[in-house]
Amino acid sequence: MGHERVGILPKSKKWREIVIDIVDFDSDKPEITPIVQKTLEGVRNQFDNLQYDKSVFEIFKFLILLSISGKRENQKEFLSSLDINIPKNQSALGLAKSLNKYLESQGVNSKEFESLAKSSAFDTIADWYEKSSTNQFLLFDKQNISDVWSTAADGRGFCELSRIYFSNLVERYLKYFVEREASSKMPFFKDRNSLNSQLEKHIDQISKHAFETTKITQSYSAGWFNKHTKDKVPSDRLIKNYIGYSLGKIKGELLRESEK
């Protein structure tokens with residue numbers, strides 16, 4: 001597919017170190033090491049399940065179809081034929097509502113992990129609109145949807161879009177598992193409140209780490225998109241294979257980082 005081989009990715013800070021910084025607000029507590037380990041295990045195990053998760057599949061299908069539509073003359077008609085109805089209000093918020101309706105029509109519920117996947121998708125749409133506009137009110141203001149998604153209609157644009165989604169997804173899962181594991185070991189409100197404060201302090205590090213980790217998917221995404229969307233919409237099988245491969249690469253990075 002022409003994608004480059006990516007070796008060990010340089011990181012500003014390893015995930016293990018970030019987690020230790022977050023939970024180590026009281027170094028006398030013996031729970032810190034188990035929290036770090038359990039957080040990493042939770043994220044890795046969930047990434048095994050994500051490639052079979054219906055919400056992740058349908059969200060990626062939605063993003064792929066939006067990207068393909070960026071090079072179609074009758075963009076709205078093309079999307080409508082695939083059960084995606086673009087609202088009159090073509091803002092990021094309006095498109096997020098369209099995604100929500102699309103997911104509901106495909107039988108995707110709002111269970112715990114599905115909600116994380118959906119929230120990551122809503123953030124991705126808002127991020128993409130921001131990249132495509134200098135308008136500070138872009139979340140609510142209308143934009144020409146062709147202008148927004150034409151930049152995602154080739155391998156270079158799609159690999160950037162997919163990386164933004166994977167980055168948002170990884171970030172939400174890392175935060176979720178830190179909170180879950182730490183809260184289970186910290187029965188007192190004061191400790192949990194301190195943990196939340198630490199999470200807020202480290203949000204930039206978590207975001208940066210997630211974005212660095214997902215770089216490993218970029219070249220593969222570009223090659224995959226150029227090959228499989230040139231003349232037609234890729235099959236569900238091809239989309240599932242793409243998701244499985246990409247999540248596997250991200251999991252590999254997390255596995256490497258869990259090593260002391």
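Mentor: Start with a term. A crossing is right-handed if the near helix is turned clockwise from the far one by less than a right angle, and left-handed if anticlockwise. Keep in mind that this model is predicted.

Trainee: What share of the 260 residues is buried?
Mentor: Buried means under 20% relative accessible area. By that cut-off, the buried share of the 260 residues is 50%.

Trainee: Among contacts between residues at least 6 apart in sequence, what share joins residues at least 24 apart?
Mentor: Take the contacts in the protein between residues at least 6 apart in sequence. Then keep those that join residues at least 24 apart, and the share is 77%.

Trainee: Which residues have the most contacts inside the largest nonpolar core?
Mentor: In soluble globular proteins, nonpolar side chains tend to be buried together. Here the largest nonpolar core has 53 residues. Helix α8, residues 155–185, supplies the largest share of this core with eleven residues. The residues with the most contacts inside the core are Phe62, Trp149, Tyr165 and Trp224.

Trainee: Now the packing. Are α5 and α6 roughly parallel or roughly antiparallel?
Mentor: Two packed helices are described by the angle between their axes and the distance between the axes. For α5 (residues 92–105) and α6, the axes are 9 Å apart and the angle is about 150°. Angles over 145 degrees count as roughly antiparallel. So α5 and α6 are roughly antiparallel.

Trainee: Is the crossing of α5 and α6 left-handed or right-handed?
Mentor: This is where the opening term is needed. For α5 passing α6, the crossing is right-handed.

Trainee: How many nonpolar residues are in the contact of α5 with α6?
Mentor: From α5 come Ala92, Leu95, Ala96, Leu99, Asn100 and Leu103. They meet Lys118, Ala121, Phe122, Ile125, Ala126 and Tyr129 in α6. One residue of this contact is polar and one is charged, while the nonpolar ones number ten.

Trainee: Are α3 and α6 roughly parallel or roughly antiparallel?
Mentor: Helix α3 spans residues 54–69 and helix α6 spans residues 112–131. Their axes come within 9 Å and cross at roughly 15°. Angles under 35 degrees count as roughly parallel. Therefore α3 and α6 are roughly parallel.

Trainee: Which residues of α6 meet α3?
Mentor: The crossing of α3 and α6 is right-handed. On the α3 side stand Ser55, Val56, Ile59 and Phe62. They meet Glu114, Ala117, Lys118, Ala121 and Ile125.

Trainee: Which residues of α5 make the contact with α3?
Mentor: α3 passes α5 in a right-handed crossing. From α3, the contact uses Ser55, Glu58, Ile59, Lys61, Phe62 and Leu66. From α5, it uses Leu95, Ser98, Leu99, Tyr102 and Leu103.

Trainee: Is Ser55 buried or exposed?
Mentor: Ser55 is found in α3. Beyond residues up to four places away in sequence, Ser55 touches Leu103, Val108, Glu114 and Ala117. Its relative accessibility is 0%, so Ser55 counts as buried.

Trainee: Which residues is Phe78 in contact with, leaving aside neighbours within four places in sequence?
Mentor: Phe78 is found in helix α4, residues 75–80. Phe78 has a relative accessible area of 12% and is buried. Its contacts are Leu65, Ile68, Ser69, Arg72 and Val233.

Trainee: What distance separates the C-alpha atoms of Asp236 and Phe57?
Mentor: Asp236 is in helix α12, residues 236–258. At 35% relative accessibility, Asp236 counts as partly exposed. Asp236 is in contact with Phe57 and Lys61, leaving aside neighbours within four places in sequence. Asp236 and Phe57 are 179 residues apart along the chain, yet their C-alpha atoms are separated by 8.6 Å.

Trainee: Where does Asp83 lie?
Mentor: Phi of Asp83 is near 70°, a positive value in a residue other than glycine. Asp83 lies in the loop between α4 and α5.

How values were computed:
Residues numbered from 1 in each chain as written. Predicted model: local features only at pLDDT ≥ 70, side-chain atom pairs only at ≥ 80, totals over all residues. Heavy atoms only, no water. Axes fitted to C-alpha atoms, helices over the stretch in contact; angles between N-to-C directions. Helix = DSSP H or I, 4+ residues; strand = E, 2+ residues; numbered from the N terminus. Parallel < 35°, antiparallel > 145°, perpendicular 65-115°, else oblique. Contact = heavy atoms within 4.5 Å. Core = buried A, V, L, I, M, F, W, Y, C linked by side-chain atoms within 4.5 Å. Buried < 20%, exposed > 50% of the residue type's maximum accessible area, 1.4 Å probe, protein only. Nonpolar A, V, L, I, M, F, W, Y, C, P; charged D, E, K, R; others polar.
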